[in-house]
Amino acid sequence: MDKAKKIKEGLMLPLMEAFYTIQGEGVHSGVPAYFIRLGGCDVGCVWCDVKESWEAEKWPVIPVEEIVDRACEFSGRMVVITGGEPLMYNLGPLTALLKKKGFATHIETSGAHPFSGSFDWVCFSPKKFKVPHPSIYEKANELKVVIFHKSDFEFAEKHASLVQGNCIKSLQPEWSKANIYTESIVDYVKSHPDWKISLQTHKFMDIP
Ligand code: SF4
């Protein structure tokens, strides 16, 4: 089977980087986690802090067995698959193998592509720059909306109306705009207590 077919079937994936660290944001903030960052994103957020991930061709294409073997070298058994936009790929084979090895599988996604893979936790972070695929709404355990502009509160509520009732909803100030929007996020959450605040604690700790 050639490489392109293996990528299409999710047997090999472009890997930008993988590292063991602490999950810095969202519901599982503070938990040690092995991050698998896949290369490739077609969403195009203006404030993206991993723009180098966008071109998939820049990154080595690795068999999923090798990706999982590397994860097994570390003590933690929580894996976060991120990107880029990881749902550009069929994540079935990677997540099946991770689960077989005893990992809890998490994903951070904009939901811009059809859902694939078997996940214990789905963090859905919709972006204005590419409309989410409808398959994400029933899968999302966590809705995390980045606040970069005052119109993002309305955007957040629009997506909140589409996720399941037990989905945890959080607002996260975009790092460079935190000094502008943190106060309004605090006010918003106080008056809309079905929301909570997510902070990028890894940036405060200066860890990856
Ligand atoms: S979806 Fe993520 S990786 Fe893609 S442009 Fe937006 S922030 Fe960057």
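The lining of the largest pocket divides into 16 nonpolar, 14 polar and nine charged residues, where Ala, Val, Leu, Ile, Met, Phe, Trp, Tyr, Cys and Pro count as nonpolar, Asp, Glu, Lys and Arg as charged, and the others, Gly among them, as polar. The model is predicted: local features need pLDDT of at least 70 and side-chain atom pairs pLDDT 80 or more, whereas totals for chains, interfaces and linings use all residues. Residues are numbered from 1 along each chain as its sequence is written, and side-chain values use heavy atoms, without hydrogens and water.

The volume of the largest pocket is about 760 Å³. Of its 39 lining residues, Arg 37, Asp 49, Val 50, Thr 82 and Glu 108 are the closest to the centre. A pocket is an open set of points on a 1 Å grid over the protein atoms alone where a 1.4 Å probe fits, with protein on both sides within 12 Å along at least five of seven lines; lining residues have an atom within 4 Å of a point. The largest share of the lining, three residues, is supplied by β1. At least two lining residues each come from β1 (12-22), β2 (32-38), β5 (104-109), β7 (142-147), β8 (168-173) and α6 (DSSP runs: helices, H or I, of at least four residues; strands, E, of at least two).

Phe 103 occupies the loop between α3 (92-100) and β5. Phe 103 is buried, at a relative accessible area of 3% (buried, under 20%; exposed, over 50%; partly exposed, in between; 1.4 Å probe, protein chains only). Leu 199, in the loop between β9 (195-197) and α6 (201-205), is partly exposed, at 38%.

Note on methods. Grid points are joined across faces, edges and corners, and a volume is the space filled by probe spheres set on the points.
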